[in-house]
Structure formats: structure tokens, C-alpha cells
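This report goes through one protein model, part by part. It begins with confidence and then turns to individual helices and residues.

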Amino acid sequence: MSDTRFSKPLIYMLIGSALILALSLGVRHAFGLYLVPMSHEFGWGHNVFSLAIAMQNLIWGAVQPITGAFADKYGSKIVVAVGGALYSLGLLLMAVSSTSLMLNLSVGLILGLALSATSFPILLSAVGRAAHPEKRSLAMGIASAAGSFGQFIMLPSTLLLLQNIGWSAALVVSAIFIALIIPLAWMLKAPMYVASNASALANKPALSFKQILVLAKNHIPFLFLALGFFVCGFQVVFIGIHLPGYLIDHGFNATTGTIFLALIGLFNIIGTYSAGWLGGRYSKPRLLMGLYGLRGIAIIAFLVLPLSTWTIYGFGVIMGLLWLSTVPLTNGIVANMFGVKYLSMLSGLVFFTHQVGSFFGGWLGGVNHDMTGNYNMVWTFSIVLSLVGVLVHFFVNEEAVIHD
């Protein structure tokens, strides 16, 4: 039994990962609060800010496998520290952005690169490598929950900053907090878990980087898993960026949208931890089928029921439970399929499709609103994608292609 307990180095790493994710994702999830004030000040349509966020997600996803490969080869702490520095720089440049070109440079390019080094694929892979296989899903769930706590704390804090010192100064304050990631990165130094049968496996020839890529490319369940993550990216970025604006269109104030997003962050703590715990006991693909199905039902109910403060907050609670619960389950499946040696890179490949979905969720939301004055088309597409998410995970299994 002692072999499956969390070691002291792993606990130390979990604390560091939790704090980094709380900062990185907490600030990132508050970006939607800047859409309306920045768009109004510079006379932009929603499409300008939406495109910058969409580019951020696309660049984030495109470089994630490369960032993951660097983390696999040189260690997570170096990659995360560099990412923290870039993150602070991007926020400072965003604070002085007054043109769409400057906004895309800061929000799209620099923050996209920074997030690829300071978010789930890098941090959860580091945790997954250090955890016992039986506890890996739970450890990832604990680290994932921390990102949600950051969202819960940072959203109301950001709203207070926006209301009291303005959007530009609020970004400078956020940049100062993000700089804390640089020293926190040195907590990511737990050793890789070594199985008791490691000596027997050591005689097996190690697969090269290229061989792993070929295996992943030809493994159909892995491709379906990646397709499922597209659905997740589309839905969470569309709702996270555009729901505050959607509520303002319907007569609610910015506080209502902020509380909604904070509720997502609060209840996602429960959702991600529970997903990690359940993933260690039940089929992860079947759990993902249930999550995507429930998301679709929740969106339908939100659109059908009369819009009120209570239905908004209720939607926030339900979506919070389902929000990033997909992350520990998806990363856990990748680890079960291919082991942990190249986990950052392989998780990055799956995450790329998540970010392609994020690109379209963020961008199409702005396009739909500017063309029609509403978000009806994208809401409908989000519901259809929930069905896609259920179907594709039917063809995903956790069978090991290679073993740790």
C-alpha cells in the first residue's frame, strides 16, 4: 500500500503545480472581462478582441507539442520559468495596446507562447511522471482543480481592478502576479516514478521520439481522443470569452458575468478533483462520454429556460462541474496509452486540437455577434459538438500501446 502513497517530492511538486496553474489560468480566464471595455474605448467590434484571443489559442496549441518536447528533454522547470517571463511581458504589452496589430502581438503571439509553457500539458505531465500509475489520475485531478481555484479568485479580483483602476492598470497588476511563476517553477523537481518491475522493462529497447510520433499518428483511439478535445476547446472558450458580453446584451451588468465565471471556477475545483478520482476507478472514455453529454443538456436548458440571475448562476454551477473535468481524464488516457516518457509532447499533440477548437469558439463567437447581434448560431453549434464529443469517445480505449 505504501507504494501508492504520494511521496514528499510529489506533494511538493503538486503544491508548485497548483500555484502556477492557479496564477496562469486564473489570469487567462479573466480575459473575457476585457472584451467590452477595450472594445468600447478603441471603437472596435467584438471581432477584433475575439480574433486576438482566437489567435492566442491557435498559437498556444500549435507550439504546445514543441514546448512539450522541450519539457520532456530539458525538464519542466526551465520551460515554465521562461513561460512565466513571457506571460508577464505579454500582459504589459497588452496594457499599452491601442491597435489591433499590437493586440494580436501581445495577446495572440506572446501570451499564446507563454500559455503553452505554463498550463495543463506541461504541469500535468510533470505530475503524471512523478505519480504512481494507480494515483496518476487523482494527482492530475488535484493539480487541475488548482487552476479552477485561481479562476475563482482572479475573476472577482480582476473585476474590482477594472472598476477601480481601469483595464490598463489592471493588466499591469496581473503581470506582477504572473511574475511569481518564475520562482515557483523551481518546485517542479520530483523524480520520475519508477515501477517495481523497471529492471525487467529496462531490457526492452527504448522507442525514439520519431517512433513514438508514428505510433501515435497511427493509433485510431488516440486520434479520436484528440478530436474529442476539439469539442472541449470550442465550448469553454466560447462561453468563457463571450458569456459576459451575451449577458450584457440581455440587460445584465458586468458583475453578473463575473460571478458566473467565478462560479465555474469554484465548482470546477469539485469537478476536476472528482474526475481525477473517478478516472482511477472507472473507464475514462465512458466518463468523458457522460461529461460531453451533460454539457449539451446544460446548454439546451440554459437557452430554453427564461434568462434570470438564478438560471445564469445555475448554469455556472453545472458548467463548473463539467468545465475542465475533461483534462485529467484526457491526459490520463494518453499516459495509459503511451507511458510517461514523452507525455508532455503527446499531451501537447492532443491539446493542439483543443486549441483549434478554442480558436473557432473564440473567433466565431465574435463574428456571429458582429454579423447578427446575437450568438444563436454558435450556441447551436456548441450543442451539436456535445453530441460529437459523446460519439467519438465511444471509439477510445485506454489499452497500453507501450508500457511505462
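## Confidence

pLDDT is the predictor's confidence in each residue, on a scale from 0 to 100. This is a predicted model, in which local features need pLDDT of at least 70 and side-chain atom pairs count only at pLDDT 80 or more, while totals for chains, interfaces and linings use all residues. Residues are numbered from 1 along each chain as its sequence is written, and side-chain values use heavy atoms, with hydrogens and water left out.

The mean pLDDT of the protein is 84, and 93% of its residues reach 70 or more. Helices here are DSSP runs of H or I with at least four residues, numbered from the N terminus. Confidence is highest in helix 13 (residues 284-304), with a mean of 95, and lowest in helix 9 (residues 198-201), with a mean of 46. The pLDDT is below 50 over residues 196-203, a stretch that has one contact (heavy atoms within 4.5 Å) beyond near neighbours in sequence. Where pLDDT is low, the predicted coordinates should not be read in detail.

Helix 1 covers residues 8-29. Its 22 residues reach 31 Å from first C-alpha to last, close to the 32 Å expected at 1.5 Å a residue; the expected span is 1.5 Å times one less than the number of residues. Of the 22 residues, 16 are buried, where buried means under 20% relative accessible area, exposed over 50%, and partly exposed in between (1.4 Å probe, protein chains only).

Ile11 lies in this helix and counts as partly exposed because its relative accessibility is 39%. Together with Ile15 and Leu19, Ile11 forms a nonpolar surface patch with about 240 Å² of accessible area. Such areas come from the Shrake-Rupley method with a 1.4 Å probe, and for residues only the protein chains shown count as cover. Patches are made of residues with over 30% relative accessible area and no salt bridge, joining like charges within 9 Å and nonpolar side chains (Val, Leu, Ile, Met, Phe, Trp, Tyr) within 5 Å. An α-helix has 3.6 residues a turn, so residues three or four places apart point the same way.

## The salt bridge

A salt bridge is a side-chain nitrogen of Lys or Arg within 4 Å of a carboxyl oxygen of Asp or Glu. The structure holds one, in which the side chains of Lys284 and Glu398 meet at 2.9 Å, N to O. Lys284 lies in helix 13 and Glu398 in the segment after helix 17 (376-393), so the pair ties together parts 114 residues apart in sequence. Lys284 counts as buried at 7% relative accessibility, whereas Glu398 is partly exposed at 23%.

Helix 4 (residues 76-95) has 20 residues and spans 29 Å between its first and last C-alpha, close to the expected 28 Å. Its buried residues include Gly83, Gly84 and Tyr87.

Leu115 is in helix 5 (residues 100-118) and is buried, at 0% relative accessibility. Not counting residues up to four places away in sequence, Leu115 touches Ser24, Arg28, Gln56, Trp60, Gln64 and Tyr87.

Ser39 belongs to helix 2 (residues 35-42) and is buried, with a relative accessible area of 2%. Its C-alpha is 9.9 Å from that of Ser98, 59 residues away along the chain.

Phe230 sits in helix 11 (residues 220-249). Leaving aside neighbours within four places in sequence, its contacts are Thr353, His354, Val356, Gly357, Phe360 and Leu385.

How values were computed:
Helix = DSSP H or I, 4+ residues; strand = E, 2+ residues; numbered from the N terminus.
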